[in-house]
Amino acid sequence: PPGVNATLEAKAGTIIPGIRERLALHRTAPTCNSCHSVIDPLGFALEHYDSLGRWRSTYVNGEPIDDALKLANGESIAGPEGLRAYLRDNQQQFYRTLITKLLAYALGRGELASDRELTSQMMTHAADGAGGGMIPVGVQASGCSIGLGWSIRRSGRLKPELQQLHT
C-alpha cells in the first residue's frame, strides 16, 4: 500500500536481524500483516535460493538457512519439496489464484462477477492438462478465445498490450 516502508533496513547502530525477524517486525504494522502473514511463510520454503536462484546452505553471515514454516492453518512445510507437495495437494486453489491474477494482469482490472465463466473455463483447461500440462498455454488458449473478446465488447477496443495476444 502507499506510504509503507518496504525496505526492511535496520537502523544505524543496531544488530541486523535475520530475514524472519525483519519480516516479523514488518508484520507488526496492521496494513502489512494482512498480506504478509499469508505470503511470508510460503517464501521461507524457498530460502535456500538466493536472489539469483542459486542454492545456498547458509546466509551471508554464516547462519544456517531455516526453510521450515508453519502455515496459518497450522500445517508444517519444509523446503522446496514440502512446498511442491503442498501446492500439489492444493492444486485447485493454486490454479484459481494463478488464473485470477493472470486474468487481472491481462485485463488491467480486478476480477468481476462476469468473469466467473471465463475463470471456470480457464480452470478446466489448467486442470485437464491443456497445453501439454503447461498452465500458461491452457490459460492463453481459453483466455484469448473468450476473455479478450469480452474485453473488446466491453470497451469497444482492445488494450494495446493485449493486441499481440489477440492476433
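What share of the contacts in the protein chain between residues at least 6 apart in sequence join residues at least 24 apart? I looked this up and found 38%, where contact means heavy atoms within 4.5 Å.

The model is predicted, so I kept in mind that local features need pLDDT of at least 70 and side-chain atom pairs count only at pLDDT 80 or more, while totals for chains, interfaces and linings use all residues. Residues are numbered from 1 along each chain as its sequence is written, and side-chain values use heavy atoms, with hydrogens and water left out.

**Chain.** I read the secondary structure as seven helices and two strands, taken as DSSP runs (H or I of at least four residues for helices, E of at least two for strands) numbered from the N terminus. Along the sequence I noted the pattern α-α-β-β-α-α-α-α-α. Of the 167 residues, 28% are buried, that is, under 20% relative accessible area with a 1.4 Å probe, protein chains only.

**His48.** I located His48 in the loop between helix H2 (30-44) and strand S1 (68-70), and its relative accessible area of 11% means that His48 is buried. Leaving aside neighbours within four places in sequence, I listed its contacts as Arg54, Trp55, Arg56, Ser57, Ile65 and Asp67. With the side chain of Asp67, the side chain of His48 makes a polar contact at 3.4 Å; such a contact is a pair of N or O atoms within 3.5 Å, and within protein one must be able to donate a hydrogen and the other to accept it, with residues adjacent in sequence counting only if both atoms are side-chain atoms.

Notes:
Buried < 20%, exposed > 50% of the residue type's maximum accessible area, 1.4 Å probe, protein only.
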